[in-house]
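Look at the sequence and the structure before reading on.

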Amino acid sequence: MKSQLDLLNDDIEKSLIKLSIPLTLTAFVQMTYNLVDTIWIGRLGTDAVAAVGVASFVIWLANSIGFIPKIGMGVYSSQAYGKNDKKKAVSILTNGYLQAFIISLIFMVTVIIFKDTFIGFYKLKKEVNQLTDSYLSIINIGFCFLFINPMFSQAYHSIGDSMTPFKINCIGLVFNIVMDPILIFGLGFFPAMGIKGAALATITAQAIVSLIFIFYMKAGDSLMGESLKKFEFSFKWQARIFKLGLPASILNTIHAFIAIILNRFMAYYGAVPVAVYTIGSQLESITWMTTEGCQVAISSLVAQNYGAEKYQRVLDSNKQGLKLVTYIGIFATIFLFALRNVLFIAFVPDDPETIALGAKYLAILSASELFMAIEIGATGVFNGLSDTRTPALISVIFNIARIPFSLFFMRYFDVLGVWIAMSLSSIIKGILCFALLEEKIKKEIKTKIA
């Protein structure tokens, strides 16, 4: 099977599935790594899990800011490729890479300056703070790779090739999975590094992925190779990429900051709820990681056909894309609720308090999995239509609403109130995204066919 699909002419459903499968498999491999990583760290104790949970919000913030060049470059390069304007596509890609690299350097310096302030915000015990500092200090060294690797992947996704980045990312993930226990607990001449070993395994794997991408892209004569060989700085594309990606980035950045505040609410009840959220969010990634993989496929499919003015295919892409994420959401709901009492045992087998609270977390959050999937899928369609503002606005409003919702529900349900607020807001976002997307499709696409 060829790795690059013809998104303008191939069957919509088959194209979506073929493009989504590598992305979804990548998400599952990443999810598997995250789960295995958390299991290993869980053997170091609840404090270590809580420390990684605190540090993970900085990584989340980095990924959120990385949406600026990723979304802008991805949408514009897909549309240029759909119009068969290869020269413009190359210019967009190269300027996207540069923007991501510059942003990564700024972010790394910012982490160095504000790291202690961030860690102290949670007011956890000294042991957790020290572990968080150790983990975050090492991870920060590799943030440039965490910014640039998604850009390389997005470049391939934009031209309908999801298999190549899948293979390359899998190499890094397998390396990470293998090296995690070796560096955490020690093996042979590798000393036991504890939580520092987990961080070192992560950044080393990301560096390997970057090197493989660069080597593979330069070795070819394709559009990807030209995007590294023919660099032309463009103020116009720097500005357009930044402007289009900014709403999606603001959306995710605000989401990250709100999650930091909510995690502070959880920390008020001790390290156990923070550990529960750290583990529970990894389990919940069965929904958001897989549907975000589908979102990239939906966005590329919609963007190319929208750029080529094939509006009936845009309608079909919307229909098939939302159907796919709906199936994922239904599966995740059933899976998490049915297995809520046993999933946490794999992570903290000797901690009955964490296991019991974790079951309650999954019961509450499983109610919103379908709506979360619909929101993410609909956002992919919006992005493909060059509208990143609508889903961003919906998400910003109701993510912010999680704070007053939490303060209200905490009065009656303690830490469970935070998770009730999260689930309720996800349900509202999913309903609104679907309704507004239907209205947009009706006004802007169906009228052009009629």
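## Model and helix naming

Helices here are DSSP runs of H or I with at least four residues, numbered from the N terminus. The model is predicted.

## Thr94 in helix H4

Thr94 has its place in helix H4. Is Thr94 buried or exposed? Thr94 has a relative accessible area of 2%. Buried means under 20%, so Thr94 counts as buried.

Leave out residues up to four places away in sequence, and Thr94 touches Ser227, Lys230, Phe231 and Glu232.

## The largest pocket

The largest pocket has a volume of about 440 Å³. Its lining is made up of 17 residues. Nearest the centre lie Leu61, Phe107, Thr110, Phe114 and Phe257. Three elements are named as giving two or more residues to this lining: helix H2 (46-65), helix H4 (86-121) and helix H10 (235-267).

Which helix gives the most to the lining of the largest pocket? That is H4, with 10 residues. By class, the lining has 13 nonpolar residues, three polar and one charged.

## The second largest pocket

The second largest pocket has a volume of about 200 Å³. It is lined by 13 residues. Tyr97, Phe101, Ile148, Phe152 and Ile214 are the closest to its centre.

H4 takes part here too, supplying at least two residues of the lining. Helix H6 (143-158), helix H8 (195-219) and helix H9 (223-229) also supply at least two each. Sorted by class, this lining holds 10 nonpolar and three polar residues. Charged residues are absent from it.

## Cysteines

How many disulfides does a search of the whole structure find? The search finds zero. A disulfide needs two cysteine sulfur atoms within 2.5 Å. For Cys294, the nearest cysteine sulfur belongs to Cys170 and is 16 Å away. Cys294 is therefore in no disulfide, given that cut-off. Cys294 is buried, at a relative accessible area of 1%.

Cys433 is likewise in no disulfide. Its nearest cysteine sulfur is that of Cys294, 16 Å away. The relative accessibility of Cys433 is 0%, so Cys433 counts as buried.

## Recap

Helix H4 holds Thr94. H4 also gives 10 residues to the lining of the largest pocket, and at least two to that of the second largest pocket.

Note on methods. Residues are numbered from 1 along each chain as its sequence is written. This is a predicted model: local features need pLDDT of at least 70, side-chain atom pairs count only at pLDDT 80 or more; totals for chains, interfaces and linings use all residues. Side-chain values use heavy atoms; hydrogens and water are left out. On a 1 Å grid over the protein atoms alone, a cavity is a set of points where a 1.4 Å probe fits but cannot get out, and a pocket is an open set with protein on both sides within 12 Å along at least five of seven lines; lining residues have an atom within 4 Å of a point. Grid points are joined across faces, edges and corners, and a volume is the space filled by probe spheres set on the points. Ala, Val, Leu, Ile, Met, Phe, Trp, Tyr, Cys and Pro count as nonpolar, Asp, Glu, Lys and Arg as charged, and the others, Gly among them, as polar. Buried means under 20% relative accessible area, exposed over 50%, partly exposed in between (1.4 Å probe, protein chains only). Contact means heavy atoms within 4.5 Å.
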